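Thanks, everyone. Please bring up the sequence and the model.

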Amino acid sequence: MEQLQIHYVDLGVPRVTDLKAEMSIGRTEGNDLVLNHPSVSRKHARIEIRNGHWWMVDLKSTNGVKVNGNLITESQLNAGDKILVGSVQLDIKSMPSVEFTGDSMFDNPSGTVIRRISDFNSEFGLDLGEMAEASISAVRPPSEPGVKPEPSVTREKIFQVLVQVARSLLQTEELQDLLNTVMDMIFKYLPVERGLIILFDEEGNPVPRLTKFIEGADAADIPISRTILKMVAEQQVALMTSNALEDARLLGGKSIAIHGIRSAMCVPLWNRQRVIGAVQVDSPIHIGRFTEEDLDLITALANFAAVAIERAQLAEKIEQERKIRSKMERYHSPAVIDEIVKGVVAAADETEIRTADVSILFADISGFTTVSETKKPEEVAEFLSNFFTAAVDAIFAYGGTLDKFIGDAVMAFFGAPIPQDDHADRAIMAGLMMQERIDDWNAERAKSDLPPVRIRVGINSGPAFVGNVGTEKRVDYTVLGSSVNIASRLESGVAKPGQVVISQNTLDRVIGSFDTEPLGEFVLKGLQQKMPVFAVHKVVRVPRKTTASDTFHAVTPGR
């Protein structure tokens with residue numbers, strides 16, 4: 001899928017941000033892209049991914065969304081599209097491509113300076129926070145090519161520049177804005193003509209995140225060597241060449257010659273002993289464009305940038321986790337959500353329809369229709385709230401997933417999204433816990449001379465389709481299939497008030513031990529054969545880890 005960017009102007013300031021899945025656009029804080037204009041609605045539009053393509057969706061905004069002049073409710077996006085969100089124009093552009101080559105532009109000792117980060121750090125001892133508080137305010141002009149200043153002068157000028165850099169970086173929180181700020185600083189204080197920022201992903205692969213060209217230059221591809229990236233990251237060195245074109249000819253590096261690079265620097269984005277990416281700047285025109293002072297300055301700036309980038313990435317991760325929790329807390333217990341956020345369950349498990357072996361639980365209030373006829377609406381709401389609270393507490397206590405409320409009934413399932421080999425035990429124990437909670441509630445009701453409440457619980461186990469089901473406007477994470485229908489009919493047609501009944505399917509999957517009573521064989525609607533049904537009275541032996549408040553007992557891969 002092509003990586004696209006949004007170019008726009010916010011309060012007179014040109015900005016660039018990458019497109020990302022589920023990207024909300026609106027006027028208020030909390031949107032992924034905030035557009036400060038009265039024509040933009042609070043929740044105006046959303047960008048999403050469908051089958052490997054970017055789509056723009058209007059969220060019933062007041063002033064609408066136009067793509068290339070056409071008013072749309074939803075539209076696929078491509079590079080070159082012009083979008084009007086209210087009156088704010090967004091230009092969709094491709095990220096300038098980066099050519100990763102095997103050529104090295106830095107290997108000729110005669111035109112190359114290599115400096116270890118450890119040597120630089122021991123000399124300068126930089127700290128982002130201290131720099132921000134420093135009182136130096138002078139700004140260093142770009143260095144003159146070929147002029148090497150005295151060390152004391154170099155050190156003073158670098159500190160002067162970094163005071164300004166530190167203040168700017170500490171005021172920027174969004175990752176993309178931060179990368180833009182870093183590149184703007186590089187272009188402001190160094191005589192560069194092209195720049196590239198690369199971040200390493202979790203597997204250590206280089207991912208181009210931002211490119212910039214001097215005003216008036218053609219936005220062409222920027223070549224960068226994988227060998228150099230590996231050297232920069234593993235050996236933690238900063239590199240500079242005075243004439244990469246000459247070096248490339250000596251080494252047979254054709255891509256460097258093709259792109260006409262002459263002066264270049266490549267430095268790691270480093271913080272302590274960790275390298276999170278790299279910055280490369282170059283000049284396709286001038287030989288000897290950069291000095292060792294420039295190498296020191298961009299090395300120090302890269303250190304500051306790495307600290308700020310890591311901070312922004314952490315904030316981005318926290319926000320992503322918040323969105324995941326907000327989306328999933330409707331269905332899952334906090335403990336299960338913790339495991340999903342940690343990555344135990346892939347995102348595909350939440351979005352794709354799949355088949356899973358699960359246990360389904362239905363519970364409802366016996367005689368609710370009669371009870372509700374004698375109560376006021378607010379009393380009915382409070383009555384149901386007490387029941388639902390008891391039911392959900394029991395479901396979440398055993399790592400279950402709340403599917404839905406159906407009138408006075410509750411539906412839940414165990415074994416998805418996280419596989420649980422003890423899902424049958426968990427469903428039964430949740431059902432028994434519901435009955436216990438209702439008994440506690442009845443004890444309180446008795447003090448007020450209120451009649452007791454009785455609930456029925458039916459549980460069945462088996463294969464079912466699991467995933468998000470619905471329309472583009474509304475989806476529910478649910479289970480479907482005959483196993484679900486059987487559980488529903490066990491609860492409504494077999495279970496008596498105060499009972500927890502299970503099918504033979506569930507009993508066959510039990511790992512622990514329960515005190516059960518055979519109730520005989522029943523004909524259930526939709527089934528041709530009779531089904532053995534059992535009442536569960538109590539727990540005899542708790543299966544391993546299947547205790548209240550435990551998260552889950554996940555199936556070991558390959559088991």
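In which strand does Phe465 lie? Phe465 belongs to strand β23, residues 455–470. Strands here are DSSP runs of E, at least two residues long, numbered from the N terminus.

A word on the source. This is a predicted model, where local features need pLDDT of at least 70, side-chain atom pairs count only at pLDDT 80 or more, and totals for chains, interfaces and linings use all residues. Residues are numbered from 1 along each chain as its sequence is written, and side-chain values use heavy atoms, with hydrogens and water left out.

Back to Phe465. Together with Ile353, Val469 and Leu480, Phe465 makes a nonpolar surface patch of about 350 Å². Nonpolar side chains are joined within 5 Å. Areas come from the Shrake-Rupley method with a 1.4 Å probe.

Next, His44. Where is it? In the loop between β4 (33–34) and β5 (45–50). Buried or exposed? His44 is buried, at 0% relative accessible area; buried means under 20%. Its contacts (heavy atoms within 4.5 Å) include Ile25, Asp58, Leu59 and Val85. The His44 side chain also makes a polar contact with the side chain of Ser61, at 3.0 Å. That term takes N or O atoms within 3.5 Å, one able to donate a hydrogen and the other to accept it.

Last, a hairpin. β14 and β15 form it, with five residues between them. Gly204, in the turn, has a positive phi of about 85°.

Note on methods
Patches are made of residues with over 30% relative accessible area and no salt bridge: like charges are joined within 9 Å, nonpolar side chains (Val, Leu, Ile, Met, Phe, Trp, Tyr) within 5 Å. A salt bridge is a side-chain nitrogen of Lys or Arg within 4 Å of a carboxyl oxygen of Asp or Glu. Helices (H or I, at least four residues) and strands (E, at least two) are DSSP runs, numbered from the N terminus. Buried means under 20% relative accessible area, exposed over 50%, partly exposed in between (1.4 Å probe, protein chains only). Two strands pair if DSSP finds at least two bridges between them. Lists of a residue's contacts leave out its neighbours within four places in sequence.
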